[in-house]
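Let's take a friendly walk through a protein model. Have a look at the structure below, and then we will go through it part by part.

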Amino acid sequence: MTDTATTTLSSYVENWTPRPVVETDGLDPAQASRLAATLDLDDTFGAGSPLPMTWQWIYFSEWPPTGELGPDGHPTDGHFLPPIPDRRRMFAGSSIRISEPLRLGTPTQKRTSLHAVTEKHGRTGDMLFVTVRSEYLQDDRTALVEDQDLVYRSDSGSSRPFEREASELGSTDAAWTAEPTPSAPLLFRYSALTSNAHRIHYDQPYVTQVEGYPDLVVHGPLLATYLAELVRSRSGQSLRSFDFRLRKPLFLGDSFRLEGRPSGGGDDIELQIISGADTVHVTGRGALR
């Protein structure tokens, strides 16, 4: 019998060994056009067009029956969801490497496997870090590899008030900047494009009354896409690698700034997203092709 006083999150996954999953997708150019419209970009896409960095997230949709979703909108069960009690999930970041851009309209295979599981103990409690590796192949060649980090807590879901940052944005010496202002419709459309039913992104009563946040939460992957698009628009080049970490959430109505700085005189780019008082929400690093 397990002593609940000494049970750790890692003890729940000692025998958890999910097998790899292989999926296929044709990478419909229309889906990329929908994301461009959602982000108010002028890009047009057709068969053979290269897929921009981070846009792979709008493909290989997971769409379980609605009855299999939990109270928060996430699936109650899933192949790579660790078997811990009162599971709550957060997206922590990714490391993405592109050897050749994915081409739209081309049959693509995605091979996903469990890469690592690590338990960490912080001031907010125990956390289980799960790294899932996805390899995207076209014509039997690996074009893109992503290691995606997800954080899980065992949490009953009680509301915890979260204060919104109130300070105005300060000045910056960053070479590249932008200040996007995502709206509620944009967050909803991005959720649909990425098959993300998590209620924190579209259900205002739920996110404020149950999760304790001040407003709808801006998707972590959307913030990463904003940074990748900052590089693409300012440099005129594509990223071949991109590593980012989410440090602190941003909410609908928050003022925030994307910042990019070429580093070391080469192809490396330092990236971050900040709000008032130079509060850092996302950090990242990329390398140009």
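On the α2 side, the residues in contact are Leu 186, Leu 187 and Tyr 190. Their partners in α4 are Pro 221, Leu 222, Thr 225 and Tyr 226. Sorted by class, this contact of α2 with α4 has 6 nonpolar residues, 1 polar residue and no charged ones.

How do the axes of these two helices cross? Helix α2 covers residues 184-193 and helix α4 covers residues 220-235; their axes come within 10 Å and cross at roughly 100 degrees. Angles of 65 to 115 degrees count as roughly perpendicular, so α2 is roughly perpendicular to α4.

Now turn to the second largest pocket, which holds about 280 Å³ of space. Its lining has 16 residues, and the closest to its centre are Leu 39, Leu 41, Pro 180, Tyr 226 and Glu 229.

By class, the lining of the second largest pocket divides into 9 nonpolar, 3 polar and 4 charged residues.

## How confident is the prediction?

Across the protein, pLDDT averages 91, and 95% of the residues score at least 70.

Residues 1-5 are a stretch to read with care: pLDDT stays under 50 there. For these residues, the model has 1 contact beyond four places in sequence.

Definitions and conventions. Residues numbered from 1 in each chain as written. Predicted model: local features only at pLDDT ≥ 70, side-chain atom pairs only at ≥ 80, totals over all residues. Heavy atoms only, no water. Axes fitted to C-alpha atoms, helices over the stretch in contact; angles between N-to-C directions. Helix = DSSP H or I, 4+ residues; strand = E, 2+ residues; numbered from the N terminus. Parallel < 35°, antiparallel > 145°, perpendicular 65-115°, else oblique. Contact = heavy atoms within 4.5 Å. Nonpolar A, V, L, I, M, F, W, Y, C, P; charged D, E, K, R; others polar. 1 Å grid on protein atoms, 1.4 Å probe; cavity = no way out; pocket = protein on both sides within 12 Å on 5 of 7 lines; lining within 4 Å. Points joined across faces, edges and corners; volume = space filled by probe spheres on them. pLDDT = per-residue confidence, 0-100.
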